[in-house]
Amino acid sequence: ALEFSYLLIQQKKDYSKENLWKSTVDPLTEMSLWDGFYSHVQYKQFGKEYGSTNYYQGFLVGLASKKYNAMQVDVRDNQTSTITGTTFNPTEKQYIGMYNFGMMFLFKGIGVDAFAGIGGTYNMFDQGATVDKAFNTIQNTSLQSKEPTSFGLLFRVGVTVGLNFGNGNMR
């Protein structure tokens, strides 16, 4: 089976994992809200060899495009110590690959999918302003510490309920 998903996101909270690994935990007001979209395609392989016809496993490939809220941030010139206010419009693209497994219970008219997964992300970040970090210090932990490209670990756990147009697998 194939699963397709496209979500239009508005003001979703995001917690920066790479900053947690660097021991700099940001306040939730710094780069935690974003607009954009999330989409994925997942192959689900069902089979009795896994112990039940309801059980599946498969690989998920996804993409997220994030536009964070604009921020007015002070930037200090490291040579002259001059501080100037700069507007940042940060964006991020996130490429996702995961191994997922779960159980799908399909009744006539309705279906329930309980799943979990582990995988990784490749992130491309644009701070949305022309500031050279080699000569300037951005007075914002999130913007100063975020790298243009990074890898992250991703966990996915959830339950979805939806329509089933077939006969189902629960007889």
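Two strands are said to pair if DSSP finds at least two bridges between them. By that rule, β5 and β9 are partners, since they pair in the antiparallel sense over 3 bridges. The model described here is predicted. The protein has 2 helices and 10 strands, and along the sequence these elements follow the pattern β-α-β-β-β-β-β-β-β-β-α-β. Of its 171 residues, 39% are buried. Among contacts with a separation of 6 or more, 72% are between residues 24 or more positions apart.

**The open sheet of β6, β5 and β9**

- An open sheet of 3 strands has the order β6-β5-β9, and its pairing is antiparallel.
- β6 and β9 (136-138) stand at the edges with a single partner strand each, so one side of each has no neighbour in the sheet.
- On average, neighbouring strands of this sheet are turned by 35 degrees against each other, direction ignored.

- Serine 81 lies in the loop between β5 (71-77) and β6 (83-88).
- Most residues other than glycine have a negative phi.
- Serine 81 is not a glycine, yet its phi is positive, at about 60 degrees.
- The relative accessible area of serine 81 is 48%, so this residue counts as partly exposed.

**The hairpin of β7 and β8**

- Strand β7 (residues 91-107) is joined to β8 by 17 bridges, and the two strands run antiparallel.
- β7 and β8 form a hairpin, with 1 residue between them.
- Within this pairing, glutamine 94 stands opposite asparagine 123 in β8.

**Threonine 121 in β8**

- Threonine 121 is found in strand β8.
- Is threonine 121 buried or exposed? Its relative accessible area is 6%, and because buried means under 20%, threonine 121 is buried.
- The side chains of threonine 121 and asparagine 123 make a polar contact of 3.4 Å.
- Leaving aside residues up to four places away in sequence, threonine 121 touches several others, including Gln94, Tyr95, Ile96 and Phe151.

**Asparagine 100 in β7**

- Asparagine 100 has its place in strand β7.
- With a relative accessibility of 0%, asparagine 100 counts as buried.
- Which residue's side chain is joined to that of asparagine 100 by a polar contact of 3.4 Å? The partner is glutamine 42.
- Asparagine 100 and glutamine 42 are 58 residues apart in sequence, while their C-alpha atoms are 8.5 Å apart in space.
- Beyond residues up to four places away in sequence, asparagine 100 touches Gln42, Tyr56, Gln57, Gly58, Leu60, Ala116, Gly117, Ile118 and Arg156.

**Aromatic pairs**

- A pair of aromatic rings is described by the distance of the centres and the angle of the planes.
- The count of aromatic pairs comes to 4.
- One of them joins tyrosine 99 and phenylalanine 101, whose ring centres are 6.0 Å apart; their planes meet at 35 degrees, so the pair is tilted.
- Tyrosine 99 counts as partly exposed, at 35% relative accessibility, and phenylalanine 101 counts as partly exposed at 34%.
- A tilted pair is also made by tyrosine 122 and phenylalanine 151, with ring centres 5.2 Å apart and planes at 50 degrees.
- This pair links distant parts of the chain: tyrosine 122 belongs to strand β8 (residues 109-126) and phenylalanine 151 to strand β10 (residues 149-164), 29 residues apart.
- Tyrosine 122 is partly exposed, with a relative accessible area of 29%, whereas phenylalanine 151 is exposed, with 62%.

**Lysines over aromatic rings**

- Lysine 44 lies over the face of tyrosine 56, at 4.6 Å from the ring centre.
- Lysine 146 lies over the face of phenylalanine 125, at 5.4 Å from the ring centre.
- Tyrosine 56 is also among the residues touched by asparagine 100.

Technical notes:
Residues are numbered from 1 along each chain as its sequence is written. This is a predicted model: local features need pLDDT of at least 70, side-chain atom pairs count only at pLDDT 80 or more; totals for chains, interfaces and linings use all residues. Side-chain values use heavy atoms; hydrogens and water are left out. Helices (H or I, at least four residues) and strands (E, at least two) are DSSP runs, numbered from the N terminus. Buried means under 20% relative accessible area, exposed over 50%, partly exposed in between (1.4 Å probe, protein chains only). Axes are lines fitted to C-alpha atoms, for helices over the stretch in contact, and angles run from 0 to 180 degrees between N-to-C directions. Rings of Phe, Tyr and Trp (its six-membered ring) pair if their centres lie within 6.5 Å; planes under 30 degrees apart count as stacked, over 60 as edge-to-face and the rest as tilted. A charge sits over a ring if NZ of Lys or CZ of Arg is within 6 Å of the ring centre and within 35 degrees of the ring normal. A polar contact is a pair of N or O atoms within 3.5 Å; within protein, one must be able to donate a hydrogen and the other to accept it, and residues adjacent in sequence count only if both atoms are side-chain atoms. Contact means heavy atoms within 4.5 Å.
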